[in-house]
Amino acid sequence: MPGGRDVRATLDASDASTENVVVACPPHPQHRGHRGDERLVAVADALTEREVDCLRFDYGDWDEGRGERTDALNALDWAAERYDSVALFGFSFGGAIALLAAAEARDTVDPAALSALAPAAQIGEKHGLDAVGALYEIRAPVQVVYGTRDTTADWEPVVDRARELECAVVEMEADHFFVGQSAKVAETVSGFLVSEFD
């Protein structure tokens, strides 16, 4: 990936020639989050079945959220140079990164849509990267998916703000990791994102 950080990515390409791509942000790199995360792979598979490509990337060296947001912005730039339309997806920490990147990227890359799965409300106490506040800055349609039994992420403020802003909010009977529900997550997320490309 471009930029000064060591960022690696995988492009899942559909069988069809497509003008649409989703950039997928992985969960927290300090908690073994990576582009091969089960939820990211499931969403990527569902997208390629719907003739949409998916760019899954790993973050560079840990930078308390700032560098990781930059990684997502660089991935968006890379995708925008090659596709007509770009959307964002992120899980957990990656959900917050996707929200932050979409809010900052709107002047250079205008994402077609964004789906955040179990997003964290804030990244880092020191730098206060506020994913909740980022929702005000995003012009694209936003979907927030959360598990009612999630005790890992502080998702409630994001869901409350998303409802206030009339974003699409999907509740699932699940824990933070959506154990045994990857297929349902993939269908929910890919269905929303693909519908916004039309």
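This is a predicted model. Begin with two helices, α1 and α6, whose crossing is right-handed. To find them, select residues 38-49 for α1 and residues 182-197 for α6. Their axes come within 8 Å and cross at roughly 50°, which makes α1 oblique to α6.

Now show the side chains where these helices meet. On α1, pick Glu38, Arg39, Ala42, Val43, Ala46 and Leu47. Facing them on α6 are Ser182, Val185, Ala186, Val189, Ser190 and Val194.

Next, select α2 and α3. How far apart are their axes, and at what angle do the helices pack? The axes are 9 Å apart and the angle is about 60°, so α2 is oblique to α3. The crossing of α2 and α3 is right-handed. From α2, the contact takes Glu68, Arg69, Ala72, Leu73 and Leu76; from α3, it takes Phe93, Ile97, Leu100, Ala101, Glu104 and Ala105. By class, the contact of α2 with α3 has eight nonpolar and three charged residues, and no polar ones.

Stay on α2, residues 66-82, and select threonine 70, which lies in this helix. Is threonine 70 buried, partly exposed or exposed? Its relative accessibility is 35%, so threonine 70 counts as partly exposed. Draw a distance from the C-alpha of threonine 70 to the C-alpha of leucine 40: the two are 19 Å apart in space and 30 residues apart in sequence.

Then turn to the largest nonpolar core, which has 48 residues. Val23, Leu76, Leu99 and Leu114 touch the most other members. Helix α3, residues 93-105, gives the most to this core, with ten residues. Apart from it lies another core, of 28 residues, including Ala42, Ala44, Ala118 and Val185.

Return to leucine 99 and show its surroundings. Leaving out residues up to four places away in sequence, leucine 99 touches Leu114, Ala116, Pro119, Ala131, Ala134, Leu135, Ile138, Val142 and Val158.

The last stop is serine 85, in strand β4, residues 85-91. Serine 85 has 17% relative accessibility and therefore counts as buried, as the cut-off for buried is under 20%. Which residues does serine 85 touch, not counting those up to four places away in sequence? They are Glu19, Asn20, Val21, Ala112 and Phe197.

How values were computed:
Residues are numbered from 1 along each chain as its sequence is written. This is a predicted model: local features need pLDDT of at least 70, side-chain atom pairs count only at pLDDT 80 or more; totals for chains, interfaces and linings use all residues. Side-chain values use heavy atoms; hydrogens and water are left out. A nonpolar core is a set of buried Ala, Val, Leu, Ile, Met, Phe, Trp, Tyr and Cys residues joined through side-chain atoms within 4.5 Å. Buried means under 20% relative accessible area, exposed over 50%, partly exposed in between (1.4 Å probe, protein chains only). Helices (H or I, at least four residues) and strands (E, at least two) are DSSP runs, numbered from the N terminus. Contact means heavy atoms within 4.5 Å. Axes are lines fitted to C-alpha atoms, for helices over the stretch in contact, and angles run from 0 to 180 degrees between N-to-C directions. Angles under 35 degrees count as roughly parallel, over 145 as roughly antiparallel, 65 to 115 as roughly perpendicular and the rest as oblique. A crossing is left-handed if the near helix is turned anticlockwise from the far one by less than a right angle, and right-handed if clockwise. Ala, Val, Leu, Ile, Met, Phe, Trp, Tyr, Cys and Pro count as nonpolar, Asp, Glu, Lys and Arg as charged, and the others, Gly among them, as polar.
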